[in-house]
Amino acid sequence: MCTGVRLLSLSCLLALLLIIPLPESSAEFSESSVGISPDKAAHYIHAVIKANRTIYSQYLVDRLNEAVGLNATENWEQDKTLPLPVQFLLMSAEQVRSQEVGLDYKLMSLWPINENNGPATEIERDGLLSVMGNPDEPFNWIVKEGKRVLFNAIYSDRAVAKRCVSCHNAHAKSPNKNFKVGDVMGGILVQFPVARVAGPDDAEARYQVLPEVLADYIHAILEADRTIYTKHVVQRLETEKVSYASENWWENNCLLLPAQFLLNASDLVQSLRLGFDYRLISLWPVNPHNGAANEFERYGLESVAESPRKPYSGTTWVGRRPYFQAVYPDQAIASTCVSCHNAHPRSPKHNFKLNEVMGGIVVSIPLGQEVDLLALPGLDKNSDD
Ligand code: HEC
Ligand code: HEC
């Protein structure tokens with residue numbers, strides 16, 4: 001066993017991630033508005049996409065290739081392999097688009113293997129050039145489309161795993177054969193509609209995203225990646241007897257549980273200290289740590305178990321800071337969800353059925369600045385805190 005070495009390489013990978021920070025948001029909230037600035041919203045959305053992409057590339061594609069020779073290939077269904085990281089992202093974007101929440105994203109490069117992944121417009125090309133030169137700074141712009149105003153942001157896409165580099169450099173159709181680990185290989189374009197705010201100075205239009213809309217975007221990505229991972233990776237590879245999901249995925253050289261995929265990505269997002277977070281919770285948790293943390297979460301779980309069509313949401317306070325929180329239902333979308341939980345010795349419930357609500361995803365978004373509760377009655381609007 002070389003667990004020590006493997007753990008070391010894990011911490012190195014994590015360290016690598018930590019030294020590629022997201023830039024601080026420059027925009028501030030207006031004191032009167034409840035909305036989130038578009039560039040901050042884009043940071044949150046990108047952080048979720050990137051965390052899932054990183055977990056998939058490092059803990060699945062890289063690790064299983066090295067440990068058991070399980071590859072990621074373009075024809076993953078026929079080959080009984082893992083989908084490519086780009087295919088994982090594109091399937092997820094496709095599912096998010098089908099939800100019609102307004103959010104869209106894609107992967108692009110100035111050296112695309114597939115020419116459809118090249119920049120579609122001049123401004124996309126400019127954006128890719130900009131993040132190549134300045135990888136920690138996203139490139140943002142606004143487009144007016146009829147009545148809709150769309151905010152666009154391109155973030156650099158780095159070679160976060162060894163296989164990114166070895167596969168692209170060896171690919172016959174790759175126009176660049178010299179990628180190195182850590183290089184910017186392309187960009188992720190994130191696009192969503194924004195609403196105009198009438199500010200004190202109307203001459204300069206400002207835009208915002210409502211917190212409930214941003215929570216919907218974040219949840220849509222989480223649900224899409226969770227569905228694709230469960231159906232196209234875990235359930236398929238289990239049926240084909242290629243691999244299986246286990247709590248001890250690291251020692252057993254197998255697949256992470258769907259919950260571990262989500263929770264590991266959530267840890268990565270937390271390490272960026274952007275302020276927002278998300279968790280997977282349940283009224284019947286296998287791991288007591290995933291139980292409802294407070295009354296709000298308990299009501300939320302009860303509410304979505306009864307009416308899964310809409311999230312349970314509200315404003316909560318953590319100390320002096322208000323948060324928008326929303327609990328979304330987490331359903332048994334595949335038979336493997338049900339069979340594993342029902343058979344698990346630590347599960348408090350053994351009669352889950354397919355499509356039943358098994359728990360919830362809770363998304364928390366910080367609102368505005370800290371508020372001095374004691375000073376609320378005579379709130380000084382000119383506070384520059
Ligand atoms: C096993 C091979 C393989 C691995 C591993 C892989 N890629 Fe790719 N990548 C591809 C192929 C093939 C495409 C084109 C897919 C298509 O037809 O859309 C692609 C597409 C892309 C694109 C869109 C532009 C283009 O080249 O078409 C980017 C950006 C990209 N990959 C970056 C990465 C990064 C970053 C990683 C690691 C996180 C990675 N790739 C891992 C094979 C791979
Ligand atoms: C192979 C077993 C397995 C599969 C498959 C599986 N789970 Fe889990 N799930 C677990 C375990 C074990 C935990 C506890 C993980 C931890 O320690 O945090 C868990 C955690 C959860 C939680 C958080 C509450 C809790 O029980 O700790 C939810 C909700 C959940 N799973 C739902 C699902 C859904 C929905 C699916 C299918 C998309 C699924 N699970 C697939 C084993 C599994």
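Here are some questions and answers about the predicted model shown above. Residues are numbered from 1 along each chain as its sequence is written, while chains are lettered from A and ligands numbered from 1 in the order in which they are written. In this predicted model, local features need pLDDT of at least 70 and side-chain atom pairs count only at pLDDT 80 or more, while totals for chains, interfaces and linings use all residues.

Q: How many helices and strands does the protein have?
A: Let's start with the terms: helices (H or I, at least four residues) and strands (E, at least two) are DSSP runs, numbered from the N terminus. By that count, the protein has 11 helices and 9 strands.

Q: Which helix supplies the largest share of the shell around ligand 2?
A: The shell holds 25 residues, each near the ligand (its C-beta atom, placed from the backbone, lies within 6 Å). Helix 7, helix 9, helix 11 and strand 9 each supply at least two of the shell residues. The largest share, 4 residues, comes from helix 11.

Q: Which residue in strand 8 is the bridge partner of V318?
A: Strand 7 and strand 8 (residues 321-331) run antiparallel and are joined by 7 bridges. In strand 8, the partner of V318 is R321.

Note on methods:
Pairing = 2+ DSSP bridges.
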